[in-house]
Amino acid sequence: MVAPFLLLVLWLFGAEAYSKSEQRLDVNFQIMQDRVLTILFLLLSLNFLAFPSVPVHSWSREDMHRLNFHRSILHLIFGTNGNFGMKMTDALWTARMELEQNGHLAEDSRLHHYFKTSEDAKLALEICEKA
């Protein structure tokens with residue numbers, strides 16, 4: 001986080017100390033003005049990296065430990081956790097809609113793909129709805 005500020009200070013110092021003429025000094029400051037927006041975006045990005053926003057979840061640790069997810073070996077090796085999370089979110093949302101429309105989860109529900117048994121899938125839906 002200090003690096004962009006240090007870069008700007010060093011740039012100012014270098015422009016002042018090593019510019020032999022007024023024209024070279026003006027050119028240095030013009031370049032600096034052209035890059036200020038880039039430096040601000042860099043600072044903003046570094047701020048997001050240094051202080052990430054943490055999602056707030058209200059499910060209990062014990063409930064989450066009761067869930068037994070199922071992933072194929074190929075998905076474990078080649079898939080990302082983000083991809084798995086998106087598919088799981090879609091499966092939970094779809095399962096919720098199935099429950100509202102049919103009163104039960106369909107046998108070919110997307111949620112069943114991520115759990116070994118249909119009881120585990122129903123448990124996951126209950127835990128996530130409770131959260």
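Guide: Begin with the elements. Helices (H or I, at least four residues) and strands (E, at least two) are DSSP runs, numbered from the N terminus. Take Ala 91: this residue is found in helix α5. The model is predicted, so to speak of local features requires pLDDT of at least 70 and side-chain atom pairs count only at pLDDT 80 or more, while totals for chains, interfaces and linings use all residues. Residues are numbered from 1 along each chain as its sequence is written, and side-chain values use heavy atoms, with hydrogens and water left out.

Visitor: Is Ala 91 buried or exposed?

Guide: Buried means under 20% relative accessible area, exposed over 50%, and partly exposed in between (1.4 Å probe, protein chains only). Ala 91 has a relative accessible area of 0%, so this residue is buried.

Visitor: Which residues does Ala 91 touch?

Guide: Contact means heavy atoms within 4.5 Å. Not counting residues up to four places away in sequence, Ala 91 touches Arg 110, Leu 111 and Tyr 114. Ala 91 and Tyr 114 are 23 residues apart along the chain, and their C-alpha atoms are separated by 8.6 Å.

Visitor: Where is Tyr 114, and what does it contact?

Guide: Tyr 114 sits in the loop between α5 and α6. Leaving aside neighbours within four places in sequence, Tyr 114 is in contact with Asn 68, Phe 69, His 70, Phe 84, Lys 87, Met 88 and Ala 91.

Guide: Rings of Phe, Tyr and Trp (its six-membered ring) pair if their centres lie within 6.5 Å; planes under 30 degrees apart count as stacked, over 60 as edge-to-face and the rest as tilted. By this rule there are three aromatic pairs. Phe 69 and Phe 84 have ring centres 6.0 Å apart and planes at 85°, so they are edge-to-face. Phe 69 lies in the loop between α3 (61–65) and α4 (73–78), and Phe 84 in helix α5, so the pair ties together parts that are 15 residues apart in sequence.

Visitor: What about the pair of Phe 69 and Phe 115?

Guide: That aromatic pair is tilted, at 5.2 Å centre to centre and 35° between the planes. Phe 115 is in the loop between α5 and α6, so this pair ties together parts that are 46 residues apart in sequence. Ring pairs link Phe 69, Phe 84, Tyr 114 and Phe 115 into a cluster.

Visitor: How accessible are Phe 69, Phe 84 and Phe 115?

Guide: Phe 69 is partly exposed, with a relative accessible area of 38%. Phe 84 counts as buried at 12% relative accessibility. Phe 115 is buried, with a relative accessible area of 3%.

Visitor: Which residues touch the most other members of the largest nonpolar core?

Guide: A nonpolar core is a set of buried Ala, Val, Leu, Ile, Met, Phe, Trp, Tyr and Cys residues joined through side-chain atoms within 4.5 Å. The largest one here has 15 residues, of which Leu 67, Met 88, Leu 111, Tyr 114, Phe 115 and Leu 125 touch the most other members. Helices α5 and α6 each supply at least two residues of this core.

Visitor: Take Met 88. What does it touch?

Guide: Met 88 has its place in helix α5. At 8% relative accessibility, Met 88 counts as buried. Not counting residues up to four places away in sequence, Met 88 touches Phe 69, Leu 111, Tyr 114 and Phe 115. Met 88 and Leu 111 are 23 residues apart in sequence and 7.2 Å apart in space, C-alpha to C-alpha.

Visitor: At what angle do α5 and α6 pack?

Guide: Axes are lines fitted to C-alpha atoms, for helices over the stretch in contact, and angles run from 0 to 180 degrees between N-to-C directions. Helix α5 (residues 81–102) and helix α6 (residues 118–130) pack at about 95°, with axes 11 Å apart. Angles under 35 degrees count as roughly parallel, over 145 as roughly antiparallel, 65 to 115 as roughly perpendicular and the rest as oblique. The two helices, α5 and α6, are therefore roughly perpendicular to each other.

Visitor: Which residues make the contact?

Guide: From α5 come Leu 92, Ala 95, Arg 96 and Leu 99; from α6 come Ala 124, Leu 125, Cys 128 and Glu 129.
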